Amino acid sequence: MVHDPLTMIQKDINKTIDHLFRHEAGKMVAVLTRLFGFPNIDQAEDIVQDTLLKALETWKYGKMPENPRAWLYLTAKNKVIDIIRRQQVKHKINTDISYLLKSEYTLVPTVQEMFTENEIKDSQLRMMFACCHPSFSKEAQITLILNTLCGLNTHEIADAFLSNEETIQKRLYRTKEKLRKEKISLDYPGTEAMDERLEAVLKTLYLLFNEGYNSSHTEKLIREDLCEEAMRLTILLTENSRTNLPYTHALLALMCFHASRFNARLDDNGFIILLKDQDRKQWNQFLIRKGNEYLSKAAMGDLIHEFHVEAAIASLHANASSYDHTDWKMILQLYNNLLEMNFNPVVALNRCLVIGETEGYDAAIRELEKMNELEENCHYNTSLGEMYFKTGRKEEAKKFFTRALSLTSSHAEKKLINNKISKCEE
Amino acid sequence: MNMEKFIYLFRGGDIDTNSPEAMQANMQKWYTWIDSLNKKGSYVAGDPLQRTGKQINGKKKAVTDGPFVEAKESVGGYIIVNANSIDEAVEISMGCPIFDYDGKVEVRPVQKM
């Protein structure tokens with residue numbers, strides 16, 4: 001198919017614009033919400049949308065400005081100042097800086113100040129904390145962060161969570177009503193609430209990362225974006241003295257190690273490649289080095305969090321030259337530690353697989369069969385299938401793989417399982 | 001503590017150049033000063049004013065344009081502050097950036113009726 005040069009250029013520009021918009025939308029929403037107060041978040045989002053639309057209209061046909069980001073910020077700033085002057089802000093502005101918006105001596109410098117590098121980071125931090133307020137459910141927290149900070153629209157969020165748009169819309173609507181009713185602000189939580197809130201933020205970012213990493217969403221770019229966003233926000237937390245605790249670094253290390261395998265996990269046909277079969281040359285060494293750096297920063301203080309242990313496990317995989325040269329005994333030890341801290345059936349399941357490496361596949365099967373609460377879990381059934389296959393019991397293996405097939409909606413997973421089933425039939 | 005309201009009336013202090021950097025720097029100084037007033041708990045409100053507007057005079061309520069006053073005498077802005085005494089209000093006013101450009105501050109206590 002022949003594309004004319006103009007169309008190709010337009011496509012490139014569209015990709016650049018898409019990326020820019022996704023990147024900047026979240027930042028601008030954070031800044032505007034900081035200025036207008038949390039109750040006015042809808043209006044903040046509207047202004048950002050208007051700004052992006054104006055950009056699209058004005059930048060048509062390749063007339064992109066030299067500094068697109070500055071253009072966006074300037075347009076948003078002018079809109080904000082105008083709206084404040086005309087007193088068209090919907091809900092009363094009640095923030096620690098609202099007095100600065102009331103005087104012409106300070107209105108413009110304040111708005112400009114809020115669009116500087118440090119203030120943009122600060123606003124995003126505040127947003128993260130506000131979105132993870134204990135009044136919101138876990139789903140609401142992650143939906144809010146995706147929508148406001150990560151610039152994902154309801155369609156994209158619905159896609160990522162295999163939910164439907166209406167559910168997401170309702171959830172967002174109700175959450176915003178709630179924050180107005182309970183007068184939740186963008187103030188940093190007090191010192192007592194801080195620890196708990198930070199943990200909620202980190203857990204949400206971990207969920208967000210996992211959605212991208214394990215997501216059954218077919219669009220690779222969305223998945224990469226989710227991981228990237230989770231990492232970007234976690235990095236913000238490591239750059240701020242309030243939040244750069246050891247376990248923040250542990251989480252970031254964990255994300256780096258997982259992300260290092262992003263390109264090796266799927267082949268060109270969309271088949272999932274298991275850890276033991278991955279081409280380790282495809283693993284991103286820069287990310288592994290980063291992971292190691294963050295892990296050493298995490299090794300401070302007396303508190304050990306689950307993130308520490310998970311990061312240590314991930315580190316052992318990431319730094320091993322091959323599947324066979326992995327320190328399985330150490331990994332098993334770490335899994336035992338993890339389960340002592342907090343029993344989690346998925347973690348227990350993965351531990352059984354490690355037993356397969358340290359004590360053999362029959363031992364793994366015995367451990368797995370103890371865990372019948374996971375009968376409806378796809379991964380549980382593929383694991384049993386895998387273990388039976390390895391011990392030469394193909395009939396049994398096929399039974400479990402067939403079960404697993406009905407328990408997943410992921411195309412990539414279905415392909416993998418069907419492949420396994422055909423191997424059982426050979 | 002005996003907080004009372006005072007008004008600052010600013011006169012003169014016009015920047016003598018057209019340089020946008022100078023204007024920007026001056027605006028920044030006002031922002032910093034007002035921020036400091038707020039942190040002390042002194043700041044209530046304030047705005048710069050256009051140098052001229054309308055005047056409505058006497059029983060006849062005659063409306064004219066004006067006032068037309070020399071730049072250094074015309075009121076260019078106001079700030080309302082809380083202070084314990086006029087002396088304190090005067091002291092607080094010392095940080096005003098208008099003095100950098102040779103302007104004037106008039107401090108008036110609010111009249112209780």
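Select strand E4 of chain B, residues 62–66. Of its five residues, the number buried is zero, so E4(B) lies largely in the open. Here a residue is buried if 20 or more other C-beta atoms lie within 10 Å of its own, exposed if 12 or fewer, and partly exposed in between, with C-beta atoms placed from the backbone. Helices (H or I, at least four residues) and strands (E, at least two) are DSSP runs, numbered from the N terminus.

This is a predicted model, in which local features need pLDDT of at least 70 and side-chain atom pairs count only at pLDDT 80 or more, while totals for chains, interfaces and linings use all residues. Residues are numbered from 1 along each chain as its sequence is written, and chains are lettered from A and ligands numbered from 1 in the order in which they are written.

Look for B:Gln55, which stands opposite B:Thr64. Four residues lie between the strands of this hairpin, where B:Gly58 takes a positive phi near 60°.

Next, select the open sheet of four strands in chain B, with order E2-E5-E1-E6 and antiparallel pairing. Its edge strands are E2 (43–48) and E6 (104–109), each pairing on one side only. Inside the sheet, eight bridges join E1 (residues 4–11) to E5 (residues 75–83) of chain B. B:Ile7 has B:Ile80 as its bridge partner in E5(B).

Last, go to chain A and select helix H15 (residues 328–341) and helix H16 (residues 345–358). How do they pack? Their angle is about 155° and their axes are 9 Å apart; axes are lines fitted to C-alpha atoms, for helices over the stretch in contact, and angles run from 0 to 180 degrees between N-to-C directions. That makes H15(A) roughly antiparallel to H16(A); angles under 35 degrees count as roughly parallel, over 145 as roughly antiparallel, 65 to 115 as roughly perpendicular and the rest as oblique.

Terms used. Two strands pair if DSSP finds at least two bridges between them.
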